[in-house]
Amino acid sequence: MVEGDPDVKPIVGLEIHVELHTATKMFCRCPNRFGDPPNSNVCPVCLGMPGVLPVMNRKALELGIKVGLALNCSAGGFSKWDRKGYYYPDLPKNYQISQYDLPICRDGWIEVPLDDGAVKKVRIRRAHLEEDAGKNIHDHADHTGVDLNRAGVPLLEIVSEPDINSSHEAGAYARAMQRLVRWLGASQANMQMGHIRFEPNINLHIASAGKTYKTPIVEVKNLNSFKALEAAVAFEIGRQTEEWRADPEGFSLEKLSKQNRGWDDVRMATVFQREKEEAHDYRYFPEPDLAPVEVGETWLESIRSQVGELPLQRRERYIKEYGLAFKDADALTQDGPTGDLLDGAVKAGADPKRSVNLLLGRGAAIANERGCQIAEIGLAVEQLAELAKMLADQEINATAAAKVFDLMIAGRQNPRQIAMKQGLLAVTDAGQIEKWVDQAIADNPSAVQDVRQGGKKQKKAFGFLMGQVMQKSRGAAAARQVQDLLEKKLGGGQQ
Amino acid sequence: MPQKIDNELVRHIAKLGRIELADEQVGTFGRQLSAILDYVGKLQELNTDGIEPMAHAVELRNVLADDSPGESLKPDQALANAPQRDGDFFAVPKVIDDSQ
């Protein structure tokens with residue numbers, strides 16, 4: 001038993017399985033689609049019938065390479081397929097087609113933003129293509145139901161080096177990877193649909209009394225959420241520390257090597273999994289049914305040209321070029337198309353901040369209601385640019401702009417036409433505005449007095465009078481003009 | 001050197017392949033598998049120094065298909081050969097839930 005506080009360094013590597021966003025499966029042309037009736041997207045190839053010939057999906061190959069390039073990997077070149085022995089009913093061939101010694105991507109890295117603003121670099125060992133298994137349904141006592149719609153769906157398995165040193169870093173890495181694959185259009189990376197799954201490998205390096213101890217490596221299988229991933233890593237760090245304290249010589253990597261554990265979502269604990277005997281004896285051998293692929297320089301360059309600006313680069317640019325706050329820049333770079341809208345509007349001459357306010361105001365609210373990205377609400381670049389310009393020129397106020405925003409995404413109409421038709425254009429007629437202002441002053445002598453006297457109540461009273469004018473104009477008065485005129489009439493410059 | 005297939009290895013291979021072997025079959029298969037390995041082992045006599053390993057027996061590369069959906073089977077066709085079904089699911093002997 002070890003007392004006191006030894007120096008414990010968690011060593012974590014992560015395997016992430018990402019379902020690629022293709023129309024069809026990896027080796028047959030059955031649809032790759034979630035939620036269809038069981039066994040409706042299957043054919044002799046993905047059912048594992050004898051005598052069939054799998055043919056590789058070009059799009060899946062290119063998406064895998066695209067992710068690898070964005071992860072700074074060496075990608076392409078010569079690559080081949082291997083069979084991995086896998087005797088479970090959810091993959092009926094009894095082997096999984098995967099890549100063993102020649103993966104399509106190797107030796108890369110990703111920069112992971114951490115909560116404290118620091119950036120952690122995590123090396124990528126490899127990323128290879130393989131096929132997903134079907135789904136076992138365990139809701140019967142006496143048998144298991146098997147749906148093979150998912151069998152053969154393209155997966156990219158991304159394997160990191162053990163560069164991650166805490167549960168927070170594991171979560172941050174996983175989130176950065178989700179954002180990246182979405183950004184690239186490589187995967188929808190939807191957790192609920194199981195598009196992205198995590199398997200952390202965790203052990204501890206413990207420095208105690210001048211000696212370094214290494215605990216056995218634990219692989220936690222099939223985690224389906226960021227929360228489960230972070231909780232499983234945190235739990236293992238605690239559990240392994242305790243086990244090591246109890247028996248520092250026996251609980252060691254040398255003696256116990258590697259173990260698999262499962263995750264119990266209810267107890268929030270990893271649980272011992274009876275070692276499937278010889279489970280690691282996968283008996284890989286080259287897949288004779290599939291020709292190797294060779295991705296030459298020209299092809300590779302054409303894929304590279306599709307990678308473009310990555311999320312962290314764009315976020316940095318928004319902060320520098322558009323002067324956005326980190327929070328806003330971050331919100332706009334969760335996916336590619338939303339930022340594309342902003343960039344398009346700015347290019348068309350709109351003010352960045354006004355465009356951002358529209359996107360993160362009504363845009364984000366509507367996207368939130370619909371459970372989609374801002375770019376998916378039906379907003380066109382021209383509409384955004386025009387409305388932002390109208391705001392800048394005070395042709396419309398913020399309240400009216402919100403109304404126009406809602407109307408224009410529904411009908412794809414020009415915001416100016418909508419504003420005119422709905423009577424939402426700001427009233428800039430000086431005579432009309434003066435009438436409203438005079439009326440508000442006449443109706444509210446005590447507020448007027450508060451403003452004129454100055455002091456604590458001044459600001460609030462001025463705001464009240466502004467509100468009265470806006471109300472009289474039914475929100476249509478050009479706010480800047482109202483403010484200027486009010487200030488002038490009440491003695492000028494108090495505000 | 002050709003590998004000698006002993007009884008333990010035969011049982012291990014059978015287990016990986018989910019094949020049930022009677023005790024008296026173990027010796028038979030061990031002898032047969034050893035004979036096959038000895039025969040193939042002849043290849044070891046070739047000098048392969050400086051020769052690139054082959055990834056595939058044919059020289060084809062990049063046999064790829066476009067990502068456009070084709071016809072799938074109807075669930076009834078897919079399940080036609082299933083020894084047991086449960087609605088439109090294949091029904092198989094109870095599997096321990098890996099995710100638990």
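User: In which strand is Asp264(A) found?

Analyst: Helices (H or I, at least four residues) and strands (E, at least two) are DSSP runs, numbered from the N terminus. In this predicted model, Asp264(A) belongs to strand E15 (residues 258-264) of chain A. Residues are numbered from 1 along each chain as its sequence is written, and chains are lettered from A.

User: With which residues is Asp264(A) in contact, leaving aside neighbours within four places in sequence?

Analyst: Contact means heavy atoms within 4.5 Å. By that criterion Asp264(A) touches Ala269(A) and Val271(A). Separately, a polar atom of the Asp264(A) side chain lies 2.9 Å from the backbone nitrogen of Val266(A).

User: Why does the second largest pocket lie between domain 1 and domain 2 of chain A?

Analyst: Domain bounds come from an automatic or database domain assignment. Domain 1 (7-295) and domain 2 (311-421) of chain A both give residues to the lining, so the pocket lies between them. The assignment of chain A also has domain 3 (430-489), and the centres of domains 2 and 3, taken over C-alpha atoms, are 30 Å apart.

User: Which element gives the most to the lining of the second largest pocket?

Analyst: H2(A), with 10 residues. The lining has 36 residues in total, and Pro113(A), Ala176(A), Arg179(A), Leu312(A) and Arg315(A) lie nearest the centre of the pocket.

User: How is confidence in chain B to be read?

Analyst: Where pLDDT is low, the predicted coordinates should not be read in detail. Chain B has a mean pLDDT of 88, with 92% of its residues at 70 or more.

Methods:
This is a predicted model: local features need pLDDT of at least 70, side-chain atom pairs count only at pLDDT 80 or more; totals for chains, interfaces and linings use all residues. Side-chain values use heavy atoms; hydrogens and water are left out. On a 1 Å grid over the protein atoms alone, a cavity is a set of points where a 1.4 Å probe fits but cannot get out, and a pocket is an open set with protein on both sides within 12 Å along at least five of seven lines; lining residues have an atom within 4 Å of a point. A polar contact is a pair of N or O atoms within 3.5 Å; within protein, one must be able to donate a hydrogen and the other to accept it, and residues adjacent in sequence count only if both atoms are side-chain atoms. pLDDT is the predictor's confidence in each residue, from 0 to 100.
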